Amino acid sequence: MLTDMSNDNRTQAHTRKNKKRTNDNIKHHKLNIGFWNLSGISNLFNLDTTQINLLKIYDIICLVETWALNESIELPTAFNEYNYIASAATKEKSMGRASGGLVILYKQCIHLNTIEKTNLWVIAQAKHGNGDFIIMANYWKPTADIDFCTKWLDETIRSLKEEYLSSQLLIIGDFNARVGTMNQWEENSITNPNVSHERSTRDSKVNRRGRKLMEIMDAYGMILLNGRTQSDTPADYTYLSETGKSVIDLVFVDDNTINNINDMTIMDPLHTSNHMLAGIDVVCHWGEEDGTKSTTSKGITPISQTVFNRPSMTSQDFAQQMAMSNRIYFFNDNTEAVSKNIEHALKETAQILNLTKSFSPHSRKRDNNCTWYDATCRNLKKEWKQTLRKFKSERTQQFVQIYLMTKRRYFSLLKQKKQAFNDRRKKKGLGVFVFNNSTLEIVEEYTYLGITFSSSGVFKKACESFIEKSSRAIARVKSTLIKVKSECLETKTRLFKAIVSSVLLYGAEIWSLRYLEMVERVQVKYYKQIFHWPSNTPNYMVRMETGQIHLKIQIIKNTLNLWEKILRLPEHRLLKHSYHGLLNLDRSSHNNPTMNWVTQVKEILLEIGEHSLVNNILCVRDITLQKAKDDILEKVTNQELSRDVESAITSKYSPIYRNISSLTNMEVYMTFKLPINKVRLVSQLRISGLKEIRFYINRCSYVINTECLCTVCNLKENETLEHFLLTCPIYTVLRTQYLHRLEPPLTVESVLTVNNAQQLSDLYYYIFGALKIRAFIFNE
């Protein structure tokens, strides 16, 4: 027993505190998600009333290690309000229990669609008022091949990001991976006050599985919640046993989800499992009208039926198998629960001995009951299932690619069919509006002159549309740079401004004032891809290294030009009428700043101290604005530059960066006419963080954890930046050959402050040689 009476009292207190919100979370725009490795689905029947109520506060419950051999499971009567999605466990040997198995329980008021089910994870899509919420529940058994798991995870996350661009993503699971204090973020990178940018944990150990997992998560900018929330700082142990304790049940979210996280809590262990119960509180603006009960087309919840075959063995064989069952457990005062437990043990034993046959009279597959699900969909799904079976039997790289390609085609087809069906359905039953004897069509969104206008009155979809277009433009620019073999940063900057920026900022003075941070990420993303910098590199470092200014400055310049143009218009023009209407609304108590362009312009002016212009905004004339425009742009430029400099000086990501950066202009080494690979590798070393050093060269990735001892030499020192450059004896020959031109004594700052092309080349050859030695020693 891992718990005592004090733990039980804490569990009961937590249950009483949360019991009132169990049925009202949907209405109050909150979604509670629970995760638990329950060590056998039968343990649900061995919980007492207090523990059952503790589980039922969650709207969605992700359970792993169910050990159930099929996807049709039976739940205790206390969970009748839940539907489920299950993935069967696997049994590799004839004796003993199965391993793995996952199930996602969700309340009937939530609409949950299955995206993918494998022996490693179950992925489901929950729909709500703000969009889609993707939940990926994982269980990676300790003996699983981590290289294969991470490779498949990489492909799956990429597929989800491509198919569900605006969806929120939560990845949760028992990965059997220990990550220590990895996944640290810069101070201003996380704006949610409920989530800290720094992680602290009780489990500081990092193993190989943890490093492999974090390589994938960091590549996609996933944020690890363990050790970041108010109720879980430092990260509490999620697994306790007589042999040890660790943090292996992990929760990751993407940048679309992080601002909606309210809290994460690790509960005390329930007596039936060594794993803790993890709870995540998400603010999702879930509307009651958005959730519908998951049923078949006839409104009937599917029921699984079991048929018993004639016995082909003696009673002694059956009794022997029953004696080996791990489902027989009498820890419960409820006689009905004990009776149910024995009944499940009998059924499971019959299934193991092939005495039963289960089938569902009503299929759970939603797609087959939809009118838009035609023969094309069925044929493609059949092809996808065939490739999945081949993939599971062969497990080769060839079948991985075929399987993923077929899956993308299938889900892309479903998305197109469903969208076309919904568009036709929305047109039915709507009123008719006539203007000048012409009937107006009613739509949710309309694209006019390239800008998407939504019925909501905000430009979120327009922003997402332009960011998507700019991403495609970045791909075209990168392709052009590869073809022409450009080595000059100036060329890359000009192409960005000419192609990417022109696409991204089209009409930005109208739609982007509320989304300046989202727009800014495009420029940062471009240079991170060009120089192969990690995705968690602070934005101010990217701008300082490359000498770029904020896109916000160009947007404000365009906004002031539009404002000046509006002021020059005659009073009878429709645009001038709209401007006066926004001015009057700005002074009203019913003003909504998210909808009012004038209010947003005023907020920008107040931020830089233009109080006189704001106070007299009704009297502003085009001549007055024309005179003040240059002064406004200069103040905005200085303000943003000051913020970047302050961030660099107080940086916890890289405390030495303030000593090696010019802090104002582009770094000198960026202007050297040298091969781009040399500049990339040196820049990757300069922007490396305090916790980790990452290199990417010749399509190979190298990661150095600075909190671990150097395994190359025998000095028993952490492999920090100073150790890598100055003290590791393995690299002495390289140091003598390439760093001898620097004036002694050598310091990290003097090595990384690159003043001429020869110094950059020497540093490049030193890094490249050191990485080759590491690769040889570790057989990478």
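Ala, Val, Leu, Ile, Met, Phe, Trp, Tyr, Cys and Pro count here as nonpolar, Asp, Glu, Lys and Arg as charged, and the others, Gly among them, as polar. With these classes, the lining of the second largest pocket divides into 19 nonpolar, six polar and four charged residues. The structure is a predicted model. This briefing treats the pocket, a cavity, a pair of packed helices and a sheet.

**The second largest pocket**

- The volume of the second largest pocket is about 830 Å³.
- Its lining consists of 29 residues, and those nearest the centre of the pocket are Phe-453, Phe-459, Ile-510, Leu-562 and Leu-575.
- Two or more lining residues come from each of these elements: strand S20 (451–454), helix H11 (508–511), H14, helix H15 (574–586) and helix H16 (597–607).
- H15 gives the largest share of this lining, with four residues.

**Cavities**

- The model holds four cavities of 30 Å³ or more.
- The largest cavity has a volume of about 50 Å³.
- Leu-513, Ile-556, Thr-559, Leu-560, Val-601, Ile-604, Leu-605 and Ile-632 line the largest cavity.
- By class, the lining of the largest cavity has seven nonpolar residues, one polar residue and no charged residue.
- H14 and H16 each contribute at least two residues to the lining of the largest cavity.

**Packing of helices H12 and H14**

- Two packed helices are described by the angle between their axes and by the distance between those axes.
- For helix H12 (residues 516–531) and helix H14 (residues 551–568), the angle is about 125° and the axes are 9 Å apart.
- H12 and H14 are therefore oblique to each other, since angles over 145 degrees count as roughly antiparallel and 65 to 115 as roughly perpendicular.
- On the H12 side, the contact is made by Leu-516, Val-519, Glu-520 and Gln-523, which meet Leu-551, Lys-552 and Ile-555 in H14.
- The contact of H12 with H14 comprises four nonpolar, one polar and two charged residues.

**The six-stranded sheet**

- Strands of a sheet pair through backbone hydrogen bonds, in either a parallel or an antiparallel manner.
- In this model, six strands form an open sheet with mixed pairing, in the order S3-S4-S2-S1-S14-S13.
- Strand S3 (82–87) and strand S13 (261–266) are the edge strands, each pairing on one side only.
- From one strand to the next, the twist averages 15°.
- Within the sheet, strand S1 (residues 30–37) and strand S14 (residues 278–283) pair in the antiparallel sense over six bridges.
- Gly-34 stands opposite Gly-279 in S14.

Notes: Residues are numbered from 1 along each chain as its sequence is written. This is a predicted model: local features need pLDDT of at least 70, side-chain atom pairs count only at pLDDT 80 or more; totals for chains, interfaces and linings use all residues. Side-chain values use heavy atoms; hydrogens and water are left out. Axes are lines fitted to C-alpha atoms, for helices over the stretch in contact, and angles run from 0 to 180 degrees between N-to-C directions. Angles under 35 degrees count as roughly parallel, over 145 as roughly antiparallel, 65 to 115 as roughly perpendicular and the rest as oblique. Contact means heavy atoms within 4.5 Å. On a 1 Å grid over the protein atoms alone, a cavity is a set of points where a 1.4 Å probe fits but cannot get out, and a pocket is an open set with protein on both sides within 12 Å along at least five of seven lines; lining residues have an atom within 4 Å of a point. Grid points are joined across faces, edges and corners, and a volume is the space filled by probe spheres set on the points. Two strands pair if DSSP finds at least two bridges between them.
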